[in-house]
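Thank you all for coming; I would like to walk you through one structure today, slowly and in order.

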Amino acid sequence: KRRFHHQFRPDVIQHESDTFTEQQKEYLADLGHILFEGNYLYGDLQVVIRNSKTGEMQAASDPRGPGVAQVK
């Protein structure tokens, strides 16, 4: 699966090649989004999620990189 990244500043959707179809790119551009296709793969990403109501934590690691995610 391909990945993309967007944040407020810069207001650009950075994405890997083949993330979006041409139709999706046109749709996003019509909505005013700026797209930037990088020549790299996002990888070795980890995420930790904490449920604010229960306190439960979960972790995951991108299978495309060497990282490991754990919650103790």
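Which residues are linked in a network of salt bridges? Before I answer, a word on the source: this is a predicted model, in which local features need pLDDT of at least 70 and side-chain atom pairs count only at pLDDT 80 or more, while totals for chains, interfaces and linings use all residues. Residues are numbered from 1 along each chain as its sequence is written, and side-chain values use heavy atoms, with hydrogens and water left out.

The network, then, is made up of Arg2, Arg3, Glu16, Asp62 and Arg64. By salt bridge I mean a side-chain nitrogen of Lys or Arg within 4 Å of a carboxyl oxygen of Asp or Glu, and the structure holds 6 of them.

One of these joins Arg2 to Glu16, with 3.9 Å between the closest N and O atoms. That pair links distant parts of the chain, since Arg2 belongs to the segment before E1 and Glu16 to the loop between E2 and H1, 14 residues apart. These labels come from DSSP runs numbered from the N terminus, where a helix is H or I with at least four residues and a strand is E with at least two. Arg2 is partly exposed at 38% relative accessibility, whereas Glu16, at 0%, is buried; here buried means under 20% relative accessible area, exposed over 50%, and partly exposed in between, with a 1.4 Å probe and protein chains only.

Asp62 is buried, with a relative accessible area of 5%, and Arg64 is partly exposed at 34%.

Let me turn to the strands. An open sheet is formed by 3 strands in the order E1-E2-E3, with mixed pairing. Strand E1 (4-6) and strand E3 (35-37) are at the edges, each with a single partner strand, so one side of each has no neighbour in the sheet. E2, residues 13-15, pairs with E3 in the parallel sense over 3 bridges, and His15 has Glu37 in E3 as its bridge partner.

Where does the remaining pair of strands in my talk come in? Strand E4 (residues 46-50) and strand E5 (residues 57-61) run antiparallel, joined by 5 bridges, with Gln46 opposite Ser61 in E5. They form a hairpin with 6 residues between them, and Gly55 in the turn has a positive phi of about 80 degrees.

Last, the aromatic rings. Rings of Phe, Tyr and Trp (its six-membered ring) pair if their centres lie within 6.5 Å, and planes under 30 degrees apart count as stacked, over 60 as edge-to-face and the rest as tilted. The count comes to 1 aromatic pair: Phe4 and Phe20 have ring centres 5.5 Å apart and planes at 45 degrees, so the pair is tilted. Because Phe4 lies in strand E1 and Phe20 in the loop between E2 and H1, the pair ties together parts that are 16 residues apart in sequence.

Definitions and conventions:
Two strands pair if DSSP finds at least two bridges between them.
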